[in-house]
Amino acid sequence: MTEVNPENSPDKSHRVTTSGDIEVSTYLKIAKGIGGEQPATAGEAVSGAKREAIIVIDFGSQYSMLIARRIRELQVYCELVPHDTPWEKIAPLNPKGFILSGGPASVYEPGAPLAPAYVYEGRLPVLGICYGMQVLSKQLGGTVAQGVKYEYGHAILHISDLDSPLFSELTDTSPVWMSHADKIETMPPGFKSLAYTENSPIAVMGSDNRIFGIQFHPEVAHTPYGKTILSNFVFKICGCQGNWTMGNFITDSLDRIKEQVGDGKVINALSGGVDSSVVATLIHQAIGDQLSCIFVNNGLLRREEAERTLKVFQQNLGMKITYIDASDRFLNRLKGVTDPETKRKAIGEEFIRVFEEEAKKLGRVDFLSQGTLYPDVIESVSSVSNASVKIKTHHNVGGLPTNMTFKLLEPLRFLFKDEVRQVGLELGLPEEMVWRQPFPGPGLAIRIIGEVTREKLEILRSADWIVMNEIKNAKLYHQLWQSFAILTDVKSVGVMGDYRTYGYLIAIRAVTSNDAMTADWARLPYDLLAQISSRIVNEVPGVNRVVYDITSKPPSTIEWE
């Protein structure tokens, strides 16, 4: 339970003590004394000499990841951490400020998540967004109550203090996006109202040009000047320099890989996608022939994918690649498996076993490198505090066995997909690699609902080939984040050639997105959908019905499993 204790601090309006926590003075001493060992955060992804970061304290909002993305778009490193993350895991990032995210809880409910004490004790700037604003009010001495009227959607913000650095370059009115049911009833001592809306008399509050609370969401596109507000906070209030660039990332990564690997050996799991290709290129530039790349055909690839992938690798990567056909062992491992999570974990473990066997042929191998990205980590690992929940296990995160013999080398672990593509272009990879649509590590196994069999794989490969062929013919491939077919476990009655059929239902999925954390279904032309449907039911045996998935993420995920 966090309590406000204004009598025991020289800065009375901002003093916070947290019962049962390590004293904040101890946290600060730890930060000053940290040496070479880095915690398991993105600290290792940020340049040492130029290191600076904005930390987003995550309270479980569906928009939390967007905050981090918006800050990174300003060329400032930003990391999203659970609200109970200890200071010693954040200190190496050299935070310049904190953002408290939104969330589904109400601060007046028992057990509601609150900000750790170091957010306030370190005297760094703080920006509370929606629930984060209410957390500020609760912990610093104000009161929060349930609103008489809920405020969802578009609202007009009336700015009463344009001199505030938070509102630099804004006019006195601005459209914003609201999503809240609670309201600030009284502000903490030392705060004043900076803006209001029709339903929120205190829509923005601030103190000392250092701590701010805003009731709306600046990270969403529906708040047109939201990025300006975030920019003002990051640069004018936190004093960031904006040195998070992919060029700096590459330079730092090469040095870090050399230091981490030393004279050890690394095997890299190539999949054909941009992530593993960028990882392989980075590591090869850093350590040369100490790297061996392995491309495993798990029997779950699309038609002709193994052949095409090997050709592209051999033409562009300039490094030794070992090809392993492990189709039979993966299909045997998946026999009788229908649960999506079990599929993912089984595939993840089987990959490791293949790599371990191959590593024995190379002598001692110390590291396994993978193209793990930040969204993989976020979706696979739920917060300890349960402010947010696990969505699904990515085969290369939660699907890894605990007893594997390799250390992991994951230089892209804290990047978004668009950042990885920028790195790929900086490294000189061909656009064919960089702009390839994402393909999941578990492959077609998670696009077949239910048990994976050879028969179902052939049906899906044929349908998926048609989808990709028609999408490319329509010149839409690079406009879509992903486009593919799904073989459902539904069968339905049809009529073909005057005969009754009882065939599979194929679903088509095509989405637009920037990072896969959110996605919208693509408005494909009707004529294109008609052509895809006609070809599938005429050319793919066993299929007599095609449907189009028009669901966004959220509430759905992009993949069906």
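Student: In what order do the strands of the open sheet of five strands lie?

Tutor: In this predicted model, local features need pLDDT of at least 70 and side-chain atom pairs count only at pLDDT 80 or more, while totals for chains, interfaces and linings use all residues. Residues are numbered from 1 along each chain as its sequence is written, and side-chain values use heavy atoms, with hydrogens and water left out. Strands (E, at least two residues) and helices (H or I, at least four) are DSSP runs numbered from the N terminus, and two strands pair if DSSP finds at least two bridges between them. The pairing in this open sheet of five strands is parallel, and the order is E14-E13-E12-E15-E16.

Student: Which are the edge strands?

Tutor: An edge strand of this sheet pairs on one side only. That description applies to strand E14 (321-325) and strand E16 (407-409).

Student: By how much are neighbouring strands of this sheet turned against each other on average?

Tutor: Axes are lines fitted to C-alpha atoms, for helices over the stretch in contact, and angles run from 0 to 180 degrees between N-to-C directions. For neighbouring strands of this sheet, with direction ignored, the average turn is 30°.

Student: Which residue in E13 is the bridge partner of Ile 267?

Tutor: Strand E12 (residues 266-270) and strand E13 (residues 291-297) run parallel and are joined by five bridges. In E13, the partner of Ile 267 is Ser 292.

Student: What angle does the direction of helix H8 make with that of E12?

Tutor: Contact means heavy atoms within 4.5 Å, and helix H8 (residues 274-287) touches E12, E13, strand E15 (367-369) and E16 as it packs on the sheet. Its direction makes an angle with that of E12 of about 160°.

Student: At what angle does helix H11 run to E13?

Tutor: Helix H11 (residues 340-361) lies across E12, E13, E14 and E15. Its angle to E13 is about 135°.

Student: Is Phe 295 buried or exposed?

Tutor: Rings of Phe, Tyr and Trp (its six-membered ring) pair if their centres lie within 6.5 Å, and planes under 30 degrees apart count as stacked, over 60 as edge-to-face and the rest as tilted; a search of the whole structure finds twelve aromatic pairs. Phe 295 and Tyr 323 form a tilted one, with 5.9 Å centre to centre and 40° between the planes, and because Phe 295 lies in strand E13 and Tyr 323 in strand E14, this pair ties together parts that are 28 residues apart in sequence. Burial is set by relative accessible area, with buried under 20%, exposed over 50% and partly exposed in between (1.4 Å probe, protein chains only). Tyr 323, at 36%, counts as partly exposed, whereas Phe 295, with a relative accessible area of 1%, is buried.

Student: Where is Lys 475 found?

Tutor: Lys 475 has a positive phi of about 60° although it is not a glycine, and at 68% relative accessibility it counts as exposed. Lys 475 follows H15, and its place is in the loop between H15 and strand E17 (482-496).

Student: What is omega for the peptide bond from Pro 554 to Pro 555?

Tutor: Most residues other than glycine have a negative phi, and most peptide bonds are trans. A cis peptide bond joins Lys 553 and Pro 554, with omega about -15°, and Pro 554 lies in the segment after strand E20 (543-548). The bond from Pro 554 to Pro 555 is also cis, with omega near 15°.
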